[in-house]
Each structure stands twice: as C-alpha cells, then as structure tokens.
Amino acid sequence: MRIMIVNDYEEMSKKAAHIIASQIVLKPNSILGFATGSTPINTYKELINLYKNGVIDFSEVTSFNLDEYFELSKDNPQSYDYFMKANLFNHINIDDDRINIPNGMTDNIERECAEYEKKMKEAGGIDLQLLGIGRNGHIGFNEPADHFQSDTHLVQLDDDTIEANSRFFDSVDEVPTKAISMGIGSIMRAKKILLFASGTGKAEAIYDTVKGPITPRVPASILQLHPDVVIIADKEAASRL
Ligand code: PGA
C-alpha cells in the first residue's frame, strides 16, 4: 500500500483526479471503476476541467460503478445512476454504451449480478478502481460481516450506512435498505486501486484499513493484500496513523 497524506479535501481531490487522468492518458481505452458519495465530487469536477482543457479524452473509456441502491429508479435524484450523470457523465465525452451501473430496478437480482460480473470480465477487468470508504470500513457497499463476499451481490445496508446516507434524503425512512454492490472479489480483481478519504469521521476506518488485522469486520482491510493500492487521505482522515 502506498499512503499519500495531503492537507485537505481540495488537495485530495486534485491528486486523485491527476492519477485517474494519467491512467487515461497512458491507456485511452481504460476500464475505470467509479464510486459515488461525497468524497468523489470534487475529483469529478477536476476531471471535467481536465477534459474541457483538452488534457483527457473519455471517448474510449469504459466505466463500471461500484454499486446502486436496490429498487430506486434511475430518475430518482438519489440513485447513483443520476449522481454519475449529474456529477460526471453529462459533462464529458464518455460513450453512453460504455457506461455500466448495476440496475437497481431489476426483477432478477441473480441474473443482474451475474451479468455485471460477466461484463467486467469480458471488458478485460478494471484497470483502475476508485474507492471511498465508509465510517465502518465498508468499500462499495460491502458492509462489515463474518466473511468476505466475493462477487456482485445484493446487500442489506448497515444501520450506520443508512444513517450516514440519510443526509441526502428528506428522512432516514426514505433511504433504501438494500443495494447491489460489487463484491470484495470484484474489487480485488482490479489491476490498480485508488482509495481516498477526507475528514475525521474516516480516521478510524483508515487506521483499521492500514494498520489493523485483515478481517471482514473491516472490509477495506483486505486491500493490504492487493499489490497496487494507493490511499490518499487528508490530514484529518490520516490523523490516527
Ligand atoms: P462518502 O461515502 O464519500 O459519502 O463519505 C463513502 C462510502 O460510504 O463509501
């Protein structure tokens, strides 16, 4: 693991965007794994700037998102499909046919998950996977559990995650309780992983990820076994290291 400690959210976002941009410059047809939440917002803004300034071109890029709420339609502003369009895809030249996000409205969850895995494999695997981290150490929506879930699957969200994500909804009762998420295996198969975190709320999760034992109680701790992980943490998120 390579740990980069930066001053604040702004610096974290710029560094993350520059790593993603280098990936695209070096391999224009990269397969990128994208994340949602508060952490990536300014990274995506910086990527949009780099695109508008002619530094990067998304025309050959393929994307796979980590997760999507179950039974929330794409038109719902809280869906991750909506988030990705609003915060990135509508502002860059990525081809719609190369965008992949799990379909939370599927009527066949097993088929949806199996097809998502198959598409990732057929695309040649993810070159660079971007990851946020939950306060409870989750990556994607892989919540603390007794064992690591390998492939894309339906997840029951933790109370802590529902509470953390309720800030985006009118009330906690509106937060979906389930989601489709890439599994730990899907994430670990990515060739490179970039995890980023900002703020004191993530300090314990970052400490456990980097210094703690590898355990499914802290899903991100498995990243210690991945050969190519970069963690960008701002001073607050790194304060316990
Ligand atoms: P956040 O979420 O970026 O909104 O903090 C990260 C996560 O839960 O993985």
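**View 1. Lining of the second largest pocket.** Helix H3 (80-87) and strand S5 (99-100) each give at least two residues to the lining of the second largest pocket. Helices (H or I, at least four residues) and strands (E, at least two) are DSSP runs, numbered from the N terminus. The model is predicted: local features need pLDDT of at least 70, side-chain atom pairs count only at pLDDT 80 or more, and totals for chains, interfaces and linings use all residues. Residues are numbered from 1 along each chain as its sequence is written, and side-chain values use heavy atoms, with hydrogens and water left out. Among the lining residues are Lys74, Asp81, Phe89 and Ile99. A pocket is an open set of points on a 1 Å grid over the protein atoms alone, where a 1.4 Å probe fits, with protein on both sides within 12 Å along at least five of seven lines; lining residues have an atom within 4 Å of a point.

**View 2. The ligand in the largest pocket.** The ligand takes up the space of the largest pocket, meaning that more than half of its atoms lie within 2 Å of the pocket's grid points. This pocket is lined by 28 residues. Helix H5 (residues 159-165) supplies the largest share, four residues.

**View 3. Side chains at the ligand.** Polar side-chain atoms lie 2.4 Å (Thr39), 2.6 Å (Lys202) and 2.9 Å (Arg167) from an oxygen atom of the ligand. The protein covers 83% of the 280 Å² of accessible area (Shrake-Rupley method, 1.4 Å probe) that the ligand has on its own.

Methods:
A polar contact is a pair of N or O atoms within 3.5 Å; within protein, one must be able to donate a hydrogen and the other to accept it, and residues adjacent in sequence count only if both atoms are side-chain atoms.
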